[in-house]
Amino acid sequence: YFSDGLSEEILNALVPISDLRVISRTSAFAFKDKDLAIPEIAAQLKVSHVLEGSVRTAGDQVRITAQLIEVSTDSHLWSEAYSRPLENVFEVQEEISSAIAEQLQLRLSPADRSERPTENVEAYRLFLRGRHHYQQRNPEDLELAVPLLEQAVAEDPDFDEAWANLAATYLVVGYGADEGFEALYEKAQDAADRAIAINPRSGLGHAVNGLMAYGRRDFEQAITQLDRAIALNPAESNSYLWKGIVLFGLGYVEEATAIMLEAEQFDPAFANLHNWLADTYLALGDAEGARHHRDMAMAVDHQFDFNSNADLARLDDGVEGEIQVVEAVMEEVPDSTAMMTAYIDALRDPAETDRAVQAILAYEGSNVRIRKPYLLYRLGAVGPALDAWRTEIANGRTLRASNELSAFWNGAYTENLKEPLLPAFFEEVGMADYWRAHGDPYYCRTVGDNVECGEP
């Protein structure tokens with residue numbers, strides 16, 4: 001189902017119904033305040049029914065209206081309005097879920113009747129607002145999410161779901177922060193540990209632990225934690241995405257694509273998911289698939305990953321197409337101008353590559369949009385790219401460095417995989433040992449003590 005036109009303090013955490021494929025709130029809210037007809041929204045989300053409604057609060061009172069629409073007939077199957085004290089909002093949620101189940105001829109099982117997340121209504125309001133801002137992922141919303149979720153756990157220190165979402169928010173904010181990221185990672189770990197201590201079945205708490213383990217390059221623990229997260233909460237798209245990112249970094253391109261496509265089934269308007277899918281499709285050599293996911297990401301929030309966009313622009317319009325993408329990043333990150341100008345010169349004239357490499361290595365900025373190992377790798381400067389990667393580790397940028405392992409699997413630069421330095425690097429970071437235990441990745445083979453790369 002789908003909730004639209006709801007206030008910022010939406011109380012939309014209805015009792016889940018296991019027999020339904022429920023679209024994630026991330027995708028549902030992608031259509032909030034957009035002038036689209038219900039059939040058009042339903043077609044984009046690939047759903048047969050839409051739940052539309054509104055929530056209004058006044059003091060300690062809440063008024064909730066809801067109507068269930070069958071898309072194929074454009075008919076209203078059910079509608080109701082509820083005016084209750086705010087403290088009774090959980091009963092209203094259960095009533096709405098039961099009404100939906102009845103209209104769709106489903107029955108709520110005991111497993112579907114989950115326990116209340118908290119008895120503190122104010123903590124719940126703060127949590128819902130904070131989670132909504134976290135899911136948007138942009139810096140402005142993330143800045144709003146942190147204090148709201150911190151207030152939620154202050155109101156109810158035993159609210160495990162608020163702790164888990166606070167952990168995920170700290171982690172994402174830390175990833176993009178120019179300064180103070182190490183402290184944010186520590187806060188993320190502490191919050192995840194708190195969520196799991198309160199509720200060992202906290203799926204998002206385990207997912208945060210999985211991504212933190214990936215930052216440490218503990219690949220076994222990363223996959224174990226993310227698998228547990230998915231088993232505990234199969235409707236949390238972050239867990240699927242993060243597992244896909246880990247698999248992609250390890251070179252398991254087909255498996256990464258498959259797990260991300262699972263997430264797309266219930267979170268089809270998750271922009272960051274489409275950004276990563278564009279990357280995996282490029283690694284598979286499927287430009288049309290990459291373009292599809294680029295367009296999906298752009299349709300949601302008009303932002304798209306620089307590296308994938310540059311690759312697609314080069315496929316479509318040659319070097320000058322890629323240069324246009326680079327110039328756009330220069331405008332967004334002005335302190336990168338000298339470095340990016342040198343990079344453009346090298347794209348137009350390979351004789352300028354050494355000068356570009358020096359300019360990239362000299363760049364001291366830390367904007368998340370600028371990934372030095374990627375730029376160097378794209379120029380064929382594999383050794384300097386590995387040095388830049390090691391520098392990020394030394395500077396504490398461990399999670400960014402792990403995410404950048406995906407650069408090796410770009411289908412446009414498979415010749416780089418024949419660089420003699422790479423097998424030793426794959427041994428150094430533990431990837432080769434993981435391959436020996438779990439099977440070879442898409443572009444490499446382990447042969448005894450040796451690693452050979454270059455062909456799928």
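I take contact to mean heavy atoms within 4.5 Å, and with that I looked up the sequence separations: residues 24 or more positions apart account for 58% of the contacts in the chain with a separation of 6 or more.

The model is predicted, so I note that local features need pLDDT of at least 70 and side-chain atom pairs count only at pLDDT 80 or more, while totals for chains, interfaces and linings use all residues. Residues are numbered from 1 along each chain as its sequence is written, and side-chain values use heavy atoms, with hydrogens and water left out.

Next I looked up burial: of the 456 residues of the chain, 55% count as buried (under 20% relative accessible area, 1.4 Å probe, protein chains only).

I then turned to the nonpolar cores, each a set of buried Ala, Val, Leu, Ile, Met, Phe, Trp, Tyr and Cys residues joined through side-chain atoms within 4.5 Å. The largest has 121 residues, of which Trp242, Phe408, Trp409, Phe426 and Trp435 touch the most other members. Helix H6 (residues 160-176) gives the most to this core, with 10 residues; helices are DSSP runs of H or I, at least four residues, numbered from the N terminus. Apart from this core lies another, of 14 residues, including Leu51 and Tyr82.

Last, I checked a helix pair: the axes (lines fitted to C-alpha atoms over the stretch in contact, with angles from 0 to 180 degrees between N-to-C directions) of H18 (residues 382-394) and H20 (residues 421-428) come within 10 Å and cross at roughly 20°. That makes H18 roughly parallel to H20 (angles under 35 degrees).

How values were computed:
Helix = DSSP H or I, 4+ residues; strand = E, 2+ residues; numbered from the N terminus. Parallel < 35°, antiparallel > 145°, perpendicular 65-115°, else oblique. Buried < 20%, exposed > 50% of the residue type's maximum accessible area, 1.4 Å probe, protein only.
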